[in-house]
Amino acid sequence: MTIGDISPKKERKSRRSKHVVDEKAPLLPKRQDEAGGYDEFNGASFTGAVFNLSTTIVGAGIMALPATMKVLGLILGIAMIVFMAFLTDASIEFLLRFSRAGKSTSYGGLMGDAFGKYGRIFLQVCVLVNNIGVLIVYMIIIGDVLSGTSSSGVHHAGVLEGWLGEHWWNGRTFVLIVTTLGIFSPLACFKRIDSLRFTSALSVALAVVFLVITVGIAIIKLISGTVMMPRLLPDVTDLTSFWKLFTTVPVLVTAYICHYNVHSIDNELEDSTQIRPVVRTALALCSTVYIMTSFFGFLLFGDATMDDVLANFDTNLGIPYSSLLNDAVRVSYAAHLMLVFPIVFYPLRFNMDGLLFPYSSPLAQSNTRFACITAGLIAVIFLGANFIPSIWDAFQFTGATAAVCLGFIFPAAVTLRNHHFIATKKDKMLALFMIVLAVFSNAVAIYSDAYALFKKNSGAGPRA
């Protein structure tokens, strides 16, 4: 909604009193992303907002974090997790401060305010690339867990195959069709992000279940003396191993990306002044989960930690009820990702609509447009999940491109642009640091990943 002449001093504190009549305001919004659409909604609670933002953060990236410990070592790895959390908090603070100054109610609106039409379009394209890539990865993991996967000629049985044997109805394609129609599609039909607060709370609880089981197994093996002390520092022996350190940056960046949902959560809060505590509480919660998962996951598996630690729970853990615990870990995390899906899908649909219909009425007011965009995006994600071969490749390349723009380059660019002259010298120095670090680290990461992928394909040679 357009809030034209409202003074910043009278900035809303409660959604119940946010509707102020402005006789100069147009009857319809100039752009779709300026519309609020919350007339019959009293506002979201602090707890619901924390759960929604935490669910946005804790996705599949948590499974790749123990592998970063294998590359960086525990000390540097945990330090990087904490550092990225503080950097993420700073970048979100930039977004919120400049949004308040420009009265922008969306990330796209903020980019449009700072850089015009093409800045908004570039942001929306990056959200599409990042979120579609992330959701494809989620669907791949769910398929791998439930129906199994094959690599290098070896088939790893899924949970359903292990329980019920191999049948057509527990094959990968059929399971993903049922999951898409029975879970993803209904949850994707909610028009407010706060409607997902209960599924978000459940998804966080399921992630904690995975963490508790991992910690319990690691402690049991530590007491029995079957676990070696993990490496504390990176093992850098040559230039190649040094460059490899940078390949962990996209994974760390992807693990904290939540910027595309901050405005949606802020817009629905009953008390808009709570958004900063919401962000910091969610980041603290997720950082704790990340650190504990990374530490105990690497402690448990050591140098045998795979790129996707979930794959480590496909083997004998060397303790009683190993098979049952493996299945519990895999099923709980697959269920977690099913509930994360609609939270990541929400801004994807919003930005797709803003890209295709920038001057139309709000998406929530058009059932036809809402249904068509929802169905089209889900179909694209479903098809993509059958063609992306590796979760690690997907995270490296999406993390090194669209995600780093959303998380750090765009907020820093808005700060340096300083359209409303509110940035301090310290802000500009931090923004410049964000851009230099993001560009340099991810350029090296893309080169290293592409080289490793090329070397892997060359080494495989033609198959007989």
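A disulfide is a pair of cysteine sulfur atoms within 2.5 Å. This model is predicted, and by that rule the count comes to zero disulfides. Take Cys126. The closest cysteine sulfur to its own belongs to Cys405, at 4.6 Å, which is too far for a bond. Cys126 is also buried, and its relative accessible area is 6%.

**Helix packing**

Two packed helices are described by the angle between their axes and the distance between the axes. Helix H1 covers residues 46-57, and helix H13 covers residues 322-356. Their axes come within 9 Å and cross at roughly 100°. Angles of 65 to 115 degrees count as roughly perpendicular, so H1 and H13 are roughly perpendicular to each other. On the H1 side, Asn52, Thr55 and Thr56 make the contact. On the H13 side, the partners are Leu339, Val340 and Ile343. By class, the contact residues of H1 and H13 split into three nonpolar and three polar, with no charged residue.

**Nonpolar core**

The largest nonpolar core holds 124 residues. Helix H5, residues 117-147, gives the most to this core: 16 residues. Which residues have the most contacts inside the core? They are Leu53, Ile57, Tyr290, Phe345 and Phe410.

Leaving out residues up to four places away in sequence, Ile57 touches Ala255, Tyr256, Ile257 and Cys258, among others. Ala282, Leu283, Cys286 and Tyr290 are also touched by Ile57.

**The loop between H15 and H16**

Helix H15 spans 391-417 and helix H16 spans 425-460. Asn418 lies in the loop between them. Phe421 has its place in the loop between H15 and H16 too. Neither residue is glycine, yet phi is positive in Asn418 and in Phe421. Are these two residues buried or exposed? Asn418 counts as buried, whereas Phe421 is exposed. The cut-offs are under 20% relative accessible area for buried and over 50% for exposed.

| Residue | Phi | Relative accessible area | State |
|---|---|---|---|
| Asn418 | near 50° | 8% | buried |
| Phe421 | near 60° | 74% | exposed |

Key. Residues numbered from 1 in each chain as written. Predicted model: local features only at pLDDT ≥ 70, side-chain atom pairs only at ≥ 80, totals over all residues. Heavy atoms only, no water. Axes fitted to C-alpha atoms, helices over the stretch in contact; angles between N-to-C directions. Helix = DSSP H or I, 4+ residues; strand = E, 2+ residues; numbered from the N terminus. Parallel < 35°, antiparallel > 145°, perpendicular 65-115°, else oblique. Contact = heavy atoms within 4.5 Å. Nonpolar A, V, L, I, M, F, W, Y, C, P; charged D, E, K, R; others polar. Core = buried A, V, L, I, M, F, W, Y, C linked by side-chain atoms within 4.5 Å. Buried < 20%, exposed > 50% of the residue type's maximum accessible area, 1.4 Å probe, protein only.
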